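Look through the model below before reading on.

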Amino acid sequence: MAEPEHAPFYVTTAINYPNGRPHIGHAYEAIAADVIARFQRLRGRRVRFQTGTDEHGLKMARKAEEQGRSPRDLADEMSGYFREMDEKLDISFDRFIRTVEPDHHRASQEIWRRLEAAGDLYLDRYEGWYSVRDEAYYDESELTAGEGEQKLSPQGTPVEWTVEESWFFRLSKYQDRLLELLKTPGFLEPTSRRNEMIAFVEQGLRDLSVSRTSFDWGVKVPGSDAHVMYVWVDALTNYLTGLGFPEETAEMRDFWPADLHLIGKDIVRFHTVYWPAFLMSADLPVPQKVFGHGFLLNRGQKESKSLGNVTDPLELADQFGVDTLRYFLMREVAFGQDGSYSPEAIVTRANAELANSFGNLAQRTLSMIAKNLDGDLAVFEPAEPDSELLTTVRTACAEDLPREFDALNFSIGIEAWMRAVNACNQYVDEQAPWALKKTDPERMRVVLLTLFVALRDLAIAIQPVVPTKAGALLDQLGIPQGERAYAALDDADWFARLAQSDFTVGKPTPIFPRLELPEAVGENA
Ligand code: ME8
């Protein structure tokens, strides 16, 4: 693989607006970023993983006003639900940042000073369209007609005419450098989003309004007390705050520029045009990669309060299990594209692949080992079908899955892994170790030990997706914590060490029991 072991790897999610509770899209992004973080750790990279909440701006201010409370009070409550979601879904973040935190205000003000020092800020009057839902300025030419007189943003959200004094950032100055960046292979993926952004920049960039004066819920503009920063200026800076910017910390040195900003498709413009332009102006390196994933739809429909189809991701995790939900989301949807979910789809996928294929393989293999080998894991001599199976499994686990995960093709990587699971099940059926017990106990022993090795490989490889369940299986297999990294897949001697230890396989507990559709859901379907 291209990167040396132990090389630092910095991955971030978007920081979420805590104007309401988390929805399934938030869970989806957190899980995908967590899979990447865990995957890179298992490959030996030194990972830093940041997520959090984006708490300033007009959207938060208005929501709080609607509820008759202060924005800070709303932010405190809702941000707590996001953190709770992350904890419940086993999101292994290093920092959960809140943009109301003092170190974040300091970092944002320092970025502002640098933009100013570069001569990139000037005071003027903004007159134009603004979408509070997107916290975005739009050009007249980008709008479409909604019902009645209402004009809509390209995201389909209402826009309002806004006139106020504002600081402007000389975005137009960065047009050529931005185009060059957007055309750099690998900077923005998937390709469809890259083409969209290139077209957007090629149309010509206008300078960007970067402060507001009509409300005060935000980071104060240094030396300009009536202004708060446009929420995206402070929000994007969160990626630096978490590393200790503006201090020249070891984290800044090791982890900036970020290896990957993982975001959804609706906020690509902010991350691949505005953010790199701010960084160029502040004389800081731009991120290595931005990936704009697709949207998750509920039975093919966008979730919304008016349709009454908003799903609480924690309820799904309670119903089906955290790891099952994680597996489903990474397996079902081609990463980068939109995808659909429903309780039926989760149950169908989980039963076919986790319960019937992987879970069943683990359960029957471990039961037979516990019953028939008396804890004897002696080193064995594989015959041809055994070596063939072990090569198939090893290739899937040590080569195919890592290659695909590296390219963020989670679904394809898991599919390769699932093919190896199926090859194991087919091997069990063909070798029929239960029949060998009477006819050729020595051969039965080799078959079961082959399966033991295959199961270990499969469990190690799939840890990023189903960390708890894979961990429980590795416990049952007696694999020590220190031998669960991907490098262990290339360790030829581990089995000899395990066989010499006094570890015995006990009566196994099923890791992925079959799921039933919850009744209420079944009735409505
Ligand atoms: O955009 N499916 O916050 P946010 C998948 N605060 N992903 C979805 C989704 C869906 N249905 N709906 C939203 C913001 N997302 C800003 C980000 S970053 C400096 C500031 C994704 O709470 C969305 O694309 O509206 C974004 O990446 C993340 O969830 C947070 O969205």
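What follows is a short report on a predicted model.

## Shell around the ligand

The ligand is surrounded by 24 residues. The closest are Ile-15, His-26, Glu-29, Asp-54 and Asp-266. By class, the shell divides into twelve nonpolar, nine polar and three charged residues.

## Polar contacts and cover

Asp-54, one of the closest residues, makes a polar contact through its side chain. One of its polar side-chain atoms lies 2.7 Å from a nitrogen atom of the ligand. Backbone atoms also take part. A polar backbone atom of Leu-296 is 2.9 Å from a ligand nitrogen atom. Gly-264 places a backbone N or O atom 2.9 Å from an oxygen atom of the ligand.

How much of the ligand's accessible area does the protein cover? On its own, the ligand has 660 Å² of accessible area, and the protein covers 92% of that.

## Helices α16 and α17

Helix α16 spans residues 441-462, and helix α17 spans residues 467-476. Their axes come within 8 Å. They cross at roughly 150°. Angles over 145 degrees count as roughly antiparallel, so α16 is roughly antiparallel to α17. The crossing of α16 past α17 is left-handed.

Most peptide bonds are trans.

Pro-190 sits in the loop between β9 (188-189) and α6 (191-202).

Where is Pro-246 found? It is in the loop between α7 and α8 (250-255).

## A positive phi

Most residues other than glycine have a negative phi. Glu-135 has a positive phi of about 50°, although it is not a glycine. Its place is in the loop between β4 (121-131) and β5 (136-138).

Terms used:
Residues numbered from 1 in each chain as written. Predicted model: local features only at pLDDT ≥ 70, side-chain atom pairs only at ≥ 80, totals over all residues. Heavy atoms only, no water. Near = heavy atom within 4 Å. Polar contact = N/O pair within 3.5 Å; in protein donor to acceptor, adjacent residues only side chain to side chain. Areas by Shrake-Rupley, 256 points an atom, 1.4 Å probe, with all protein chains shown as cover. Nonpolar A, V, L, I, M, F, W, Y, C, P; charged D, E, K, R; others polar. Axes fitted to C-alpha atoms, helices over the stretch in contact; angles between N-to-C directions. Helix = DSSP H or I, 4+ residues; strand = E, 2+ residues; numbered from the N terminus. Parallel < 35°, antiparallel > 145°, perpendicular 65-115°, else oblique. Left-handed = near helix turned anticlockwise from the far one by under 90°.
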